[in-house]
Structures are given as structure tokens and as C-alpha cells.
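Here are a few exercises for getting to know a new structure. Take a look at the sequence and the model, then try each task before reading its solution.

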Amino acid sequence: MLSGRRLDLLDPSPLDIELADIAHGLARVARWNGQTTGDHAFSVAQHSLVVEEIFRRLHPDAKPDECMMALLHDGPEYVIGDMISPFKAVVGGGYKAVEHRLEAAIHLRFGLPAHPPLELKKQIKKADFIAAYFEATELAGFSTMEAEKFFGRPRLISRDLLHLAPMPAPQAQAAFCARHAEIEQKRATTP
């Protein structure tokens, strides 16, 4: 990693996880395999910010730890990249096992449970699908019908509430770090 840490993908240690590495990596990983409109790729870092924003809007009473897990929901992708879902299905269990171990190491690094409880995972996945719907229709050339088929029709969230203009990587990286710091501040002051 750029921080100088050496991360073992098969047995990742929370001690080798650094926020700077996560933000740097996620800001340079393109969603939709880079097949989006705009001068810059829509990064996983920016997607993570959108998902966390949607999660907070759907769950205004969410605890800071829950918001942090929403922000970090694609954290493993900072080292393993973002594969489109059909390809993940072809690759199979090996990819999921590595992703699962990385998620645990990332969460433990930031003082979170290794994995979100099932209900929270479902809530974050719902926010993820809403983000994917808007990304698909606004950035990736999907028709509304096609996006609805894959992601469902969003409820309670509208496009105008979200920042979907692709950012340059350094800006996405800084925004991800800033939001992480805001959540950490809330975690520090919430009993």
C-alpha cells in the first residue's frame, strides 16, 4: 500500500489497514467498469458517499457506527477492485471469501463489529441498490425500465438529493476522508 503497509489478502490484519490507503484506492476504482459519462470515472469512493447519504436519509436515527459501516460497505474494493455483479457470480466463492475477510479486517481496524448484523446489512444493501439505480440511469446509459429490472424503483429518495457528477480522484478521496472524519467525530461524542 502507499502507506508502506503490506496487506496479506488471504489473511488481512486490521493493523495493516489505513484510511489513507482505503480512500486512495476507492477514489481510483471506477464503478461500472468506467463505462460512465463525464470527464472522470464515477469512483467507488464517491459511490460510498452516495450510499451513506441515502442510508442516513432512509434512517435518520442511525447510529454513527451504522453510518460508518454504510460508508465502508465497499471498503474491500480498495485492494480487490469493483467487479460487476455478473462477473462476481462467475468467479464464485473465492472472491467472496477474500472480500469477507477484508471487510472484517477493515471493520475491526475502525472499532466496528467484523460484519454488520443481518438487518443492517439489508438496510445498507437497499441504499446501495437505490444508488445503483440513479448511477445506472444518470451515468451508465440504462433506461428507467432496465434499471428498475435490476435495482427496483427507488422510493423516498430522488435524484436531486444526490451528488452524482463524477469527481476527479483527488476530490473523491478528500471527500471520503472528510466524511469518515465527520462520522468518527460523532462516534467519539455519542455514548
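The exercises below go from the core to one helix and then to a pair of helices.

This is a predicted model, where local features need pLDDT of at least 70, side-chain atom pairs count only at pLDDT 80 or more, and totals for chains, interfaces and linings use all residues. Residues are numbered from 1 along each chain as its sequence is written, and side-chain values use heavy atoms, with hydrogens and water left out.

**Exercise 1.** Find the residues with the most contacts inside the largest nonpolar core.

Solution. Start with the term: a nonpolar core is a set of buried (under 20% relative accessible area, 1.4 Å probe, protein chains only) Ala, Val, Leu, Ile, Met, Phe, Trp, Tyr and Cys residues joined through side-chain atoms within 4.5 Å. The largest one has 50 residues, and Ile17, Ile22, Ile54, Phe110 and Phe176 have the most contacts inside it. Next, zoom in on Ile17: leaving aside neighbours within four places in sequence, its contacts (heavy atoms within 4.5 Å) include Ile22, Tyr78 and Phe110.

**Exercise 2.** Describe H6 (93-109), a helix (a DSSP run of H or I, at least four residues).

Solution. First, H6 has 17 residues and reaches 24 Å from its first C-alpha to its last. Then list its buried residues, among them Tyr95, Val98 and Leu102. Finally, step past its end to Gly111, which has a positive phi near 70 degrees.

**Exercise 3.** Which residues of H2 and H9 meet?

Solution. From H2 come Ala45, Ser48, Leu49, Glu52 and Arg56; from H9 come Ala172, Ala175, Phe176, Arg179 and Ile183.

Note on methods
Helix = DSSP H or I, 4+ residues; strand = E, 2+ residues; numbered from the N terminus. Expected span 1.5 Å × (residues − 1).
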